[in-house]
Amino acid sequence: TPPPSNRVAGQQAAGKQTTVANLARWMQAQRKKSVGVVSADIYRPSAIDQLDTLAAEVGAECVPSQPTQNPIRITTAAVADARTQFIDVVIVVTAGRLHIDDEMMREVAAVRERAKPHETLFVVDSMAGQDAVNAATAFDQALALTGIVLTKADGEAKGGVALSVRGVTGKPIRFMGVGEKVDALEAFHPDRMASRILGMGDVLTLVEEIEQKVSKDKTEQLAKKLKKGRGFDLSDLR
């Protein structure tokens, strides 16, 4: 039985490589799965090297691929390799493309047919505006998307594109990217996004991030210093 596979598609410069690394890290940490990633982007050789570097950073297995290979063969080999290596989940990242490129869209549809993914995620740049909505609609028609990943949500855009993409495609937003690092991925919570759009902030996500990144013992020590009103210096404040 082949391992579950996931497809990640999206426009150029939307942040697919980082998103794939983030997804691999999230699945390892939150779902305790072994993850393999592979780049089927033969049009930008640096994309393969970039994914290899990111995979090593998060401890995921990167299935090797070459710019001279066919994307469909890359996908087939990755799934077969995952089966022999006992990898739980395979994530295939396809080349960035414009939704008006018919030939590229046929290729990405063929890759999906070969991989038969459990999830087909579309990466949307939250700062792309209306064009992101048009792209999501076109990709959904070609690939039958199962979810959306909203990237660059830490930028100037408050997330209004999330409402548009969700409303037009009807597909759920699964994750939200909030930076360039490999730990900058959050599960999407509609109520928290609503707070951001309204300018009310997102305290719950901040609390969760602190719980994951800050030592509880150290935090309690700082709290005691504050209560005493002395010994709390600028290093503690930082």
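A nonpolar core is a set of buried Ala, Val, Leu, Ile, Met, Phe, Trp, Tyr and Cys residues joined through side-chain atoms within 4.5 Å; buried means under 20% relative accessible area with a 1.4 Å probe, protein chains only. The model is predicted: local features need pLDDT of at least 70, side-chain atom pairs count only at pLDDT 80 or more, and totals for chains, interfaces and linings use all residues. Residues are numbered from 1 along each chain as its sequence is written, and side-chain values use heavy atoms, without hydrogens or water.

The largest nonpolar core holds 25 residues. Val20, Leu23, Ala24, Val37 and Ile91 touch the most other members. Two or more residues come from each of α1 (16-30), β2 (35-39), α2 (45-58), β4 (89-93) and β5 (119-125). Helices (H or I, at least four residues) and strands (E, at least two) are DSSP runs, numbered from the N terminus. Helix α1 gives the most, with 6 residues. Beyond its neighbours within four places in sequence, Val37 contacts (heavy atoms within 4.5 Å) Val20, Ala24, Leu51, Ala55, Glu61, Cys62, Val63 and Ile91. A second, separate core has 22 residues, including Leu150, Ala153, Ala162 and Ile173.

Helices α5 (residues 130-143) and α6 (residues 160-169) also meet. Their axes, lines fitted to C-alpha atoms over the stretch in contact, come within 9 Å and cross at roughly 30 degrees, on a scale from 0 to 180 degrees between N-to-C directions. Helix α5 is therefore roughly parallel to α6, a label for angles under 35 degrees. Ala132, Val133, Ala136, Thr137 and Asp140 of α5 make the contact with Val161, Ser164, Val165, Val168 and Thr169 of α6.

Methods
Parallel < 35°, antiparallel > 145°, perpendicular 65-115°, else oblique. Buried < 20%, exposed > 50% of the residue type's maximum accessible area, 1.4 Å probe, protein only.
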